[in-house]
Amino acid sequence: MSKKVVTLGEIMLRLSTPGFERFVQADSFDVTYGGGEANVAVALSNYGLDGSFVSKVPDNAIGQAAINHLRRYGVNTGFVARGGDRLGIYFLETGASMRASQVIYDRAGAAIADADASEFDFDKILEGADWFHTTGITPALSDKAAALTEAALKAAKAKGITTSIDLNYRKKLWSKEKAREVMSGLCKYVDVCIGNEEDAETTLGFKAADTDITKGELNLEGYKDVIRQMKEKFNFKYIASSLRESYSASDNGWSALVSDGTEFYHTRKYDVRIVDRVGSGDSFASGLIYGLVTGMSMADAAEFGVAASALKHTIPGDLNHATLSDVKTLMKGDASGRVQR
């Protein structure tokens, strides 16, 4: 029987400039939908699992369009609440070479930010679930969204369901101080913590020594020290950090470090030419979750996650449309990109 994974978060309307145009050049926008937890649910459904997404969207045609977008990929949206004023929007300008990508949010007053925990029957939502996942983006939206996230995590833990969180700090949504206060409380209910070097510092106060992401340099020993501190404070079962070496907006090195607090495993590194990096962290999280929930070893799950997210960098949009076959082929070492006939 397929494993069931439930995710909780916001889905947004994404408006991106065509190609590599700047906002001031664009006369039109490409339309799609996405959001951290929704992206994870889609990827897991794509891998053959029972992916469920929980959220709140406005009871209008735009809210329905977002739901329809998820349904086309097999995601269970039966527990999405309807109501509120609007769906959040984000605008994306894709960078290239030394020009960074730019994101502008228009999400104040989104339906999920005003959602109340009483609108969701978590006992029913989590029935038969093997895993529950959320991110640090949702509690950043509002105090009510933070309370909703906590209620969901508590309900999952009470049922003995494995829980995970992707730290995902967004400086445009809240301060470091607020993030550390809220996320430290939420992490008490988390089994698997996923993030990167910036997230560990901004949301939980741990810093990897001698690392400067703007120089494209990594210090694995610094990360290991951070992971040990995280294990000691929160007793996570697994801690995973994606490792991005930013050579430019177009070319990155991509790998991950995963640990159970004692053993450390550094994955293969992929040199990726970026088409769209939005959602790459979500694709790593979903790959790691897929591996762990289906019984892979910690190392194999991490390799699956990194391969899946390396492929996501080559796919436009928030969602990772790489198949199980695509990921497994890359894991075996075939990164040639040759035409498949």
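Some conventions first. Residues are numbered from 1 along each chain as its sequence is written, and side-chain values use heavy atoms, with hydrogens and water left out. As the model is predicted, local features need pLDDT of at least 70 and side-chain atom pairs count only at pLDDT 80 or more, while totals for chains, interfaces and linings use all residues.

I start with the helices. Helices (H or I, at least four residues) and strands (E, at least two) are DSSP runs, numbered from the N terminus. Axes are lines fitted to C-alpha atoms, for helices over the stretch in contact, and angles run from 0 to 180 degrees between N-to-C directions.

Helix H6, residues 176-186, and helix H7, residues 197-204, have axes that come within 6 Å and cross at roughly 85 degrees. H6 and H7 are therefore roughly perpendicular; angles under 35 degrees count as roughly parallel, over 145 as roughly antiparallel, 65 to 115 as roughly perpendicular and the rest as oblique. On the H6 side the contact (heavy atoms within 4.5 Å) involves Lys176, Ala179, Arg180, Met183 and Ser184, and on the H7 side Glu201, Thr202, Thr203 and Leu204.

The second pair is H10, residues 298-312, and H11, residues 324-331, with axes within 9 Å and a crossing of roughly 110 degrees. That makes H10 roughly perpendicular to H11. From H10, Asp300, Glu303, Phe304, Ala307, Ala308, Ala310 and Leu311 meet Leu324, Asp326, Val327, Leu330 and Met331 of H11.

Next, the rings. There are 6 aromatic pairs in the structure; rings of Phe, Tyr and Trp (its six-membered ring) pair if their centres lie within 6.5 Å, and planes under 30 degrees apart count as stacked, over 60 as edge-to-face and the rest as tilted. Phe234 and Phe236 are stacked, because their ring centres are 5.2 Å apart and their planes are at 25 degrees. Phe234 counts as buried at 11% relative accessibility, and Phe236 counts as buried at 0%. Buried means under 20% relative accessible area, exposed over 50%, partly exposed in between (1.4 Å probe, protein chains only). Elsewhere, ring pairs link Tyr47, Tyr290 and Phe304 into a cluster, and Phe304 is also among the H10 residues that meet H11.

Last, Asp191. Asp191 is in the loop between H6 and strand E11, 192-195, and counts as buried at 17% relative accessibility. Beyond its neighbours within four places in sequence, Asp191 contacts Lys157, Ile161, Thr162, Thr163, Phe236, Lys237 and Tyr238. Phe236 in that list is the stacking partner of Phe234.
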